[in-house]
Amino acid sequence: MERTLSIIKPDGVEKNIIGEICKRFEAGGLRIVASRMMHLPAERVGEFYAVHRERPFYADLVGYMSSGPVLVQVLEGENAIARNREIMGATDPADADPGTIRADFAASIDANVVHGSDGPETAAQEIGFFFGDNGVCPRTR
Ligand code: CMP
């Protein structure tokens, strides 16, 4: 059993496709164990994406992710990190496989609807960043 952090980005929230996205997570064998709507200040987004600080797209990314509310979630399941990445599709929607969230809904590499952790260490760090030690609820049912 593995956990991963998922963010439904401002474009996904604005398009009102939260239910559609969560339906795909659940149909793909993932279970939601934490969920919170937040409008993150730029400073907090900057911290979250600190690994990209030197990249040319960093300022746009921070501006975009702080432009509206996002739904931050923890998903749990077998191979949850890889599974979530399959369901999301490639970062650039132009490269995303048909039937993935990004192929179906993303407008650009910035407005690409969802974020998902890219590995076990990142997942642990990202989950802690938003939900601390006690913010995830075990799915006893
Ligand atoms: P995400 O998975 O949230 O991680 C960082 C985000 O930066 C990424 O999705 C994209 O939305 C955005 N981004 C913009 N340009 C690029 C790029 N050239 N390569 C990777 N990510 C990019």
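Which residue has a polar backbone atom 2.6 Å from an oxygen atom of the ligand?

1. That residue is Ile109. Before going on, note that this is a predicted model, where local features need pLDDT of at least 70, side-chain atom pairs count only at pLDDT 80 or more, and totals for chains, interfaces and linings use all residues. Numbering starts from 1 along each chain as its sequence is written, and side-chain values use heavy atoms, with hydrogens and water left out.

2. Side chains reach ligand oxygens too: an N or O atom of Lys9 sits 2.8 Å from one, and a polar atom of Asn112 lies 3.3 Å from one. Polar contacts here are pairs of N or O atoms within 3.5 Å. The protein buries 79% of the 450 Å² that the ligand exposes when taken alone (Shrake-Rupley areas, 1.4 Å probe).

3. Around the ligand (a heavy atom within 4 Å) you'll find, among others, Tyr49, His52, Arg55, Phe57 and His115. By class, that shell splits into four nonpolar, four polar and four charged residues.

4. Elsewhere, Glu20 and Arg24 form a salt bridge, 2.9 Å from N to O. The term means a side-chain nitrogen of Lys or Arg within 4 Å of a carboxyl oxygen of Asp or Glu. The two are about one helical turn apart, because they are four residues apart in helix H2 (residues 18-27). The whole structure has six salt bridges.

Key. Polar contact = N/O pair within 3.5 Å; in protein donor to acceptor, adjacent residues only side chain to side chain. Nonpolar A, V, L, I, M, F, W, Y, C, P; charged D, E, K, R; others polar.
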